[in-house]
Amino acid sequence: MDNDVSAGSSTTTIAGRLALGVTLLAFGLGYTDLIDGVTAADAVSIAHYVGGVALFVAGLFALRDRDAATGTAYTVLGAFWFTWAVSAGAQVSDNAAGLFLLLFALVALSLTLAGGDQLGQGSYGLFCVALVLMAVARFADSDGLTKVGGWFAVAAGAVAWYAATAALAHWPSALPRRAAGRGVTATG
């Protein structure tokens with residue numbers, strides 16, 4: 001495996017990925033019913049302060065350092081988490097909540113397609129799927145889809161956490177690439 005930890009190894013990127021990872025794990029686990037008595041409402045404080053405020057501030061620092069991709073991702077995701085946290089428990093229609101999730105799924109899709117390192121794209125891609133599933137679940141009133149969306153959020157959080165930890169611990173952060181034309185050949 002390649003030990004490419006240069007992509008995303010800045011302090012701002014690591015802090016942001018840790019904040020995103022912790023928030024996604026708390027948010028996702030709240031929807032999976034994996035831990036008895038833990039719901040998404042229990043993730044509101046983490047989403048408000050870690051996902052909202054800390055991630056937004058990390059984004060501002062990244063923008064100050066002229067890292068437009070990371071700065072954009074973290075400020076927009078910080079705004080998402082802050083909005084989700086402060087509006088949790090508010091009486092809105094299922095369609096309005098579904099639309100909110102769908103709009104931010106488009107943001108996550110943009111972040112996925114924007115490029116960057118594999119772990120960042122993987123985390124944003126999984127988060128996009130989670131948001132789409134949760135939006136459809138709100139539109140269709142489906143607890144089962146909400147739970148599946150929660151699992152995708154957990155996976156996204158685990159990838160974001162791994163990306164930050166890999167940069168700190170110098171673990172592998174890129175999948176090996178095969179050379180063109182090289183593959184397994186049969187001998188006989």
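## The largest pocket

The largest pocket is lined by 27 residues, and Tyr-31, Trp-84, Ala-97, Leu-101 and Arg-138 are those nearest its centre. A pocket here is an open set of points on a 1 Å grid over the protein atoms alone, with protein on both sides within 12 Å along at least five of seven lines; lining residues have an atom within 4 Å of a point. The space in this pocket is about 640 Å³, a volume being the space filled by probe spheres set on the points, which are joined across faces, edges and corners.

At least two lining residues come from each of H1, helix H3 (68-87), H4, H5 and H6. H4 gives the most, with five residues. Helices are DSSP runs (H or I, at least four residues) and strands are E runs of at least two, numbered from the N terminus.

## Basis of the model

This is a predicted model, in which local features need pLDDT of at least 70 and side-chain atom pairs count only at pLDDT 80 or more, whereas totals for chains, interfaces and linings use all residues. Residues are numbered from 1 along each chain as its sequence is written, and side-chain values use heavy atoms, with hydrogens and water left out.

## Cavities

Two cavities of 30 Å³ or more are present in the structure; a cavity is a set of grid points where a 1.4 Å probe fits but cannot get out. The largest cavity holds about 50 Å³ of space. Its lining consists of Arg-17, Leu-20, Tyr-74, Leu-119, Gly-120, Ser-123, Tyr-124, Ala-160 and Ala-163. Helix H1 (11-32), H5 and helix H6 (143-169) are the elements that give two or more residues to this lining, and H5 provides the largest share, four residues.

## Annotated transmembrane regions

An unreviewed UniProt entry lists residues 12-31, 43-63, 72-90, 96-115, 122-140 and 152-171 as "transmembrane region". Such positions follow the numbering used here, feature names are shortened, and annotations may be inferred rather than shown by experiment.

In the model, residues 96-115 are 90% helix and 0% strand, with end C-alpha atoms 30 Å apart. Residues 122-140 are 100% helix and 0% strand, and their end C-alpha atoms lie 27 Å apart.

## Nonpolar surface patch

Leu-99, Leu-102, Leu-103, Leu-106, Leu-109, Leu-113, Val-132, Val-136 and Phe-139 form a nonpolar surface patch with about 770 Å² of accessible area together. Patch residues have over 30% relative accessible area and no salt bridge; nonpolar side chains (Val, Leu, Ile, Met, Phe, Trp, Tyr) are joined within 5 Å, and like charges within 9 Å. A salt bridge is a side-chain nitrogen of Lys or Arg within 4 Å of a carboxyl oxygen of Asp or Glu. Areas come from the Shrake-Rupley method with a 1.4 Å probe, and for residues only the protein chains shown count as cover.

Helix H4 (94-113) and helix H5 (118-140) each supply at least two patch residues, and H4 contributes the largest share, six residues. Leu-113, in helix H4, counts as exposed because its relative accessibility is 67% (buried is under 20%, exposed over 50%, partly exposed in between; 1.4 Å probe, protein chains only).
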